[in-house]
Amino acid sequence: AVPVISAEEFIRLEQDRMDMPHELRTADLKTKSGRKIFKNWAFDENIPDKAVLEWSPLAKVIYHPSIQAVNDQFKKVPEKFIHHRTPVEVTPAISHNTAIVFPSCKNNNDARFLGQVATFGVFADEALSRSYKRMLRDHVHYVKTVFDIAARVIKVLGPWSYSALHVRRNDLQYKEVFMTAADTMDHIRPLVKEKEVFYIATDEKGDDFFFSYCERAQDISMG
């Protein structure tokens, strides 16, 4: 397992070795201004003994332990897995730094950590690949409060007796992917059981938007 420490603890431990500026050493990271000071320092590529890797998983895929090792192990990594992404590797020159920073949400175009985390890297060692995925499965969870609230809903709907849909509208920037409820129903119809109950999480504001689910699928009840 990899130990996890807070940004405050990192500053306390490494401030002298990395010659951190006074404003960073004294920044209150609980405030917006303090977090901005830390972010500006972390993203600065000119600071010695720190590697800043703008490896957005939408544009890059990490080959471990190296590009050569992965290519030697596999004749060809599936194109559907790589897609348009460029393979990268953590070289000795990178790993020898005291700090390695993966900047996230630098702006709307670069270093955005979206996507399926299980596809961030390709491992030459299959056992290590499985270990990485087990780590995600066993340890990367929502906080307990989320499970407690969800359990209340599941108690009403009944476990394993409904399907859940997430219909994004107002907070989704990709307006071109919007579709009608009827079109959504057409897409999922082969997966829907007779008289299936739906739990729909959405920010759609139209009261009549979901009428098509009932109109187009008479054998489905809404819950």
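Helices (H or I, at least four residues) and strands (E, at least two) are DSSP runs, numbered from the N terminus. The model is predicted: local features need pLDDT of at least 70, side-chain atom pairs count only at pLDDT 80 or more, and totals for chains, interfaces and linings use all residues. Residues are numbered from 1 along each chain as its sequence is written, and side-chain values use heavy atoms, with hydrogens and water left out.

**Exercise 1. Count the aromatic pairs and classify the pair of Phe10 and Trp41.**

Step 1. State the rule. Rings of Phe, Tyr and Trp (its six-membered ring) pair if their centres lie within 6.5 Å. Planes under 30 degrees apart count as stacked, over 60 as edge-to-face and the rest as tilted.
Step 2. Count. This rule gives 4 aromatic pairs.
Step 3. Classify. The ring centres of Phe10 and Trp41 are 6.2 Å apart and the planes are at 50 degrees, so this pair is tilted.
Step 4. Locate the partners. Phe10 is in helix α1 (residues 7-14) and Trp41 in helix α3 (residues 32-43).
Step 5. Check burial. Phe10 has 18% relative accessibility, so it counts as buried. Trp41 is buried too, because its relative accessible area is 7%.

**Exercise 2. Classify the pair of Phe123 and Tyr132.**

Step 1. Read the geometry. The centres are 5.3 Å apart and the planes are at 45 degrees.
Step 2. Conclude. The pair is tilted because of that angle.
Step 3. Phe123 and Tyr132 are both buried.

**Exercise 3. Which residues form a cluster through ring pairs?**

Solution. Ring pairs join Phe10, Phe38 and Trp41 into a cluster.

**Exercise 4. Find the rings under the charged ends of Arg85 and Arg169.**

Step 1. State the test. NZ of Lys or CZ of Arg must be within 6 Å of the ring centre and within 35 degrees of the ring normal.
Step 2. Take Arg85. Arg85 lies over the face of Phe81, 5.5 Å from the ring centre.
Step 3. Take Arg169. Its charged end sits over the ring of Phe178, 5.0 Å from the centre.

Conventions. Buried < 20%, exposed > 50% of the residue type's maximum accessible area, 1.4 Å probe, protein only.
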